[in-house]
Amino acid sequence: MSVSYFETANQLLRRNQFENAIESYQKAIEENPTSAWSYYNLGEALVNTGSIEQAIAAYQKAVDLNSNSPWFHDRLGSVKLQAGHSKEAIRCFQKAIALDASFYEFYMNLGIALTQDGNIPEAISSFHKALELQPKDGEIYYHLGQAFTQQHQAEEAIAAYHQALQINPYWSECYLELAKLQEQLGQTDQAVNNYRRACQLNPNLIEAYQNLREILEQQEQWQEIINLSRRCCQVNANSAEAYYHLGTALIHQQEWEEAVIALRRVCELHPNFVEAYEQLGKALAKQNEWEEAVTVYRRCIELNPDSVESQRGLAEALVQVYNWEEAITVYRQACHLEPTSAELYDELAQALAQFYQWEEAIATYRQALELNPENPSTIQFRLQQILDKQRQFEEAIAQYRRTQEFIPASFESYQNLGQTLRQQGDIENAIVALRRACILNPGSPIAYHLLGHTFAMLQKWDEAISCYRRACEIYPHSPDIHLHWGEALEQKENYQDALAYLQKAINLKPDFDLAYEAMGRVISKKKGS
């Protein structure tokens with residue numbers, strides 16, 4: 001005996017092969033167009049494929065063919081409610097009740113539809129009728145609680161949720177709704193306990209995690225937030241938000257290394273999450289991971305160019321990697337964005353002073369003092385130190401002028417002054433003069449090379465390397481600059497990179513004896529390290 005299309009479709013439906021089931025039900029309907037069950041089950045298959053409006057049409061046809069089935073009306077009402085057609089759903093549930101007033105679920109579904117439609121008093125009445133028929137059904141109490149909540153009857157809603165949980169103490173969504181209501185009423189401790197219970201029962205209940213975390217943040221319960229966020233990350237390894245909250249909580253606990261790992265993951269998952277980059281930058285700074293901090297803060301500024309905090313973070317990181325010129329440029333941009341911040345002008349002045357730009361530092365300290373800072377005495381002390389240094393530099397210029405021509409607007413005059421002061425052993429003023437030469441002619445590789453070589457005399461290797469790098473950017477064909485860059489790296493015990501730059505010097509000048517000597521020395525040190 002052959003199997004009918006209807007039987008085949010039912011088997012496919014049970015196996016969750018919905019598309020094939022739909023095709024078989026359609027064939028069954030062609031074979032027997034008056035079969036209400038074929039339309040009903042077609043509706044079931046269509047619902048499972050997300051084709052709600054088509055499903056409604058199939059259920060409607062089933063009702064048309066068998067209008068005396070309360071179950072058909074109830075199912076049609078449920079799908080219409082799912083589609084947001086609450087008034088039509090109400091009529092379907094009322095018809096089901098008219099056909100069979102003894103089944104509690106029809107009243108419960110009617111109550112849900114009335115709640116969705118905003119007719120709360122009738123919804124509550126319908127739920128009470130459902131409870132008369134089935135007093136031990138937790139779902140009815142749950143929906144009754146939601147109706148009371150909409151009507152702002154908080155105590156009644158809480159009582160209904162408690163009743164639902166007495167019947168089913170493992171219902172995570174019910175704990176969530178109860179906790180939300182308790183939080184609104186200021187019953188924070190009870191809300192926290194119920195949020196925790198919801199999270200324990202259903203790790204995928206994101207709203208419970210979010211609400212609990214917000215309360216814990218207000219209470220500064222960072223360790224619990226860390227534990228909670230770790231569970232969220234385990235449940236959803238691709239949730240940028242979960243990793244972000246984990247990272248920020250770890251920052252509050254000063255667990256910098258783990259915070260960096262979590263926040264890196266956020267940026268992988270969500271490359272435009274500017275707040276994550278900002279937090280990552282802060283964590284990297286605490287770990288002294290300055291090179292990566294520079295990269296991260298650059299990304300922050302790409303995403304939000306007007307963020308003063310990101311500009312400031314980038315400037316601080318650039319100072320740490322001895323990229324003074326860009327640091328000063330970025331600080332100036334931050335001051336432009338927030339021109340009333342004495343603190344920013346103070347930091348800019350410190351950066352200028354650290355890079356031996358006395359005149360600009362003096363002007364900037366004075367600007368900071370005009371903005372009524374919180375620490376005027378500290379800024380005044382720094383200003384006085386630079387004024388003393390500037391006076392000494394001006395005396396050095398006056399001494400130089402007695403024997404040499406000096407033109408204040410000429411980079412060559414400052415470059416020659418720097419060389420003379422260096423030969424005289426006045427290294428600090430030599431650096432000031434050479435720095436001024438670089439400012440007046442930022443495209444001079446000679447000025448940067450001389451400045452780097454002068455920093456090297458003070459064993460300020462990072463500053464020297466920064467100057468050699470800039471000199472090579474301007475003119476990459478100088479064997480001498482590559483030699484001195486390699487020697488500075490040697491002093492930093494960065495032998496691998498030192499060998500690379502010494503090799504570049506030899507490539508540029510194959511008979512460069514000094515480079516060969518340096519290379520031999522570095523190879524020997526590398527073997528002994």
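Mentor: Happy to! Let's start with Phe-106, which is buried, its relative accessible area being 0%. Keep in mind that this is a predicted model. The partner of Phe-106 is Phe-103, and the two rings make an edge-to-face aromatic pair, with 5.1 Å from centre to centre and 65 degrees between the planes. Phe-103 counts as partly exposed, because its relative accessibility is 21% and buried means under 20%.

Searching the whole structure turns up 20 aromatic pairs. One of them joins Trp-37 and Tyr-40: the ring centres lie 5.2 Å apart and the planes meet at 70 degrees, so this pair is edge-to-face, given that angles over 60 degrees count as such. Both residues belong to helix α3, residues 36–48, and because they are three residues apart there, about one helical turn separates Trp-37 from Tyr-40. Tyr-40 is buried, at 13% relative accessible area, while Trp-37 is partly exposed, at 48% relative accessibility.

Aromatic residues also gather in a group: one cluster is formed by Tyr-322, Trp-324, Phe-355, Tyr-356, Trp-358 and Phe-455.

The charged end of Lys-509 is placed over the ring of Phe-512, 4.6 Å from the ring centre. Arg-470 lies over the face of Tyr-448, and here the distance to the ring centre is 5.8 Å.

Definitions and conventions:
Residues are numbered from 1 along each chain as its sequence is written. This is a predicted model: local features need pLDDT of at least 70, side-chain atom pairs count only at pLDDT 80 or more; totals for chains, interfaces and linings use all residues. Side-chain values use heavy atoms; hydrogens and water are left out. Rings of Phe, Tyr and Trp (its six-membered ring) pair if their centres lie within 6.5 Å; planes under 30 degrees apart count as stacked, over 60 as edge-to-face and the rest as tilted. Helices (H or I, at least four residues) and strands (E, at least two) are DSSP runs, numbered from the N terminus. Buried means under 20% relative accessible area, exposed over 50%, partly exposed in between (1.4 Å probe, protein chains only). A charge sits over a ring if NZ of Lys or CZ of Arg is within 6 Å of the ring centre and within 35 degrees of the ring normal.
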